[in-house]
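Here is a short note on the aromatic side chains of this model. Please read each point with the structure open.

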Amino acid sequence: MALSFSKIPTKELVKGVTGKYAHGSTFTVGYVSIEKGAIMPSHSHIHEQTTHVLSGQLEMTVNAKAEILETGDIIVIPSNALHSVRALTNCEVIDTFCPVREDYK
């Protein structure tokens, strides 16, 4: 069954960070918009996560190591790793989580 992200309701994660999420039986994928200056505070979860930067530039800190990610970059965040994000510009990213993010349904 095909889904259109334009028809999926938007979920605000924190101020300046919104996403639209689709769920399979073993994973969740999200199209996420991050406003310049927005911060996703340090957190962890059981899910393994990939973040693929479609546009923009952001600083991602994983297990106390900060990296600047730019358009085309992808990062793999291990399960239970402490991580945070700060948008240096307006950004669009694709986040994938395994297992399913039940809290994003």
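1. A charge sits over a ring if NZ of Lys or CZ of Arg is within 6 Å of the ring centre and within 35 degrees of the ring normal. Arg101 meets this for Phe97: Arg101 lies over the ring face, 5.0 Å from the centre. Arg101 also lies over the face of Tyr104, at 4.1 Å from that ring centre. Bear in mind that the model is predicted.

2. Phe97 and Tyr104 belong to one aromatic cluster, together with Tyr21.

3. A search of the whole structure gives three aromatic pairs. Phe5 and Tyr31 make a tilted pair, with 6.2 Å centre to centre and 40° between the planes. This pair links distant parts of the chain: Phe5 is in the segment before S1, Tyr31 is in strand S3 (residues 28–34), and they are 26 residues apart. Phe5 counts as partly exposed because its relative accessibility is 30%. Tyr31, at 31%, is partly exposed too.

4. Tyr21 and Tyr104 have ring centres 4.5 Å apart and planes at 45°, so this pair is tilted. Here too, distant parts of the chain are linked: Tyr21 lies in strand S2 (residues 17–23), Tyr104 in the segment after strand S10 (91–98), 83 residues apart. Are these two residues buried or exposed? Both Tyr21 and Tyr104 are buried.

Methods:
Residues are numbered from 1 along each chain as its sequence is written. This is a predicted model: local features need pLDDT of at least 70, side-chain atom pairs count only at pLDDT 80 or more; totals for chains, interfaces and linings use all residues. Side-chain values use heavy atoms; hydrogens and water are left out. Rings of Phe, Tyr and Trp (its six-membered ring) pair if their centres lie within 6.5 Å; planes under 30 degrees apart count as stacked, over 60 as edge-to-face and the rest as tilted. Helices (H or I, at least four residues) and strands (E, at least two) are DSSP runs, numbered from the N terminus. Buried means under 20% relative accessible area, exposed over 50%, partly exposed in between (1.4 Å probe, protein chains only).
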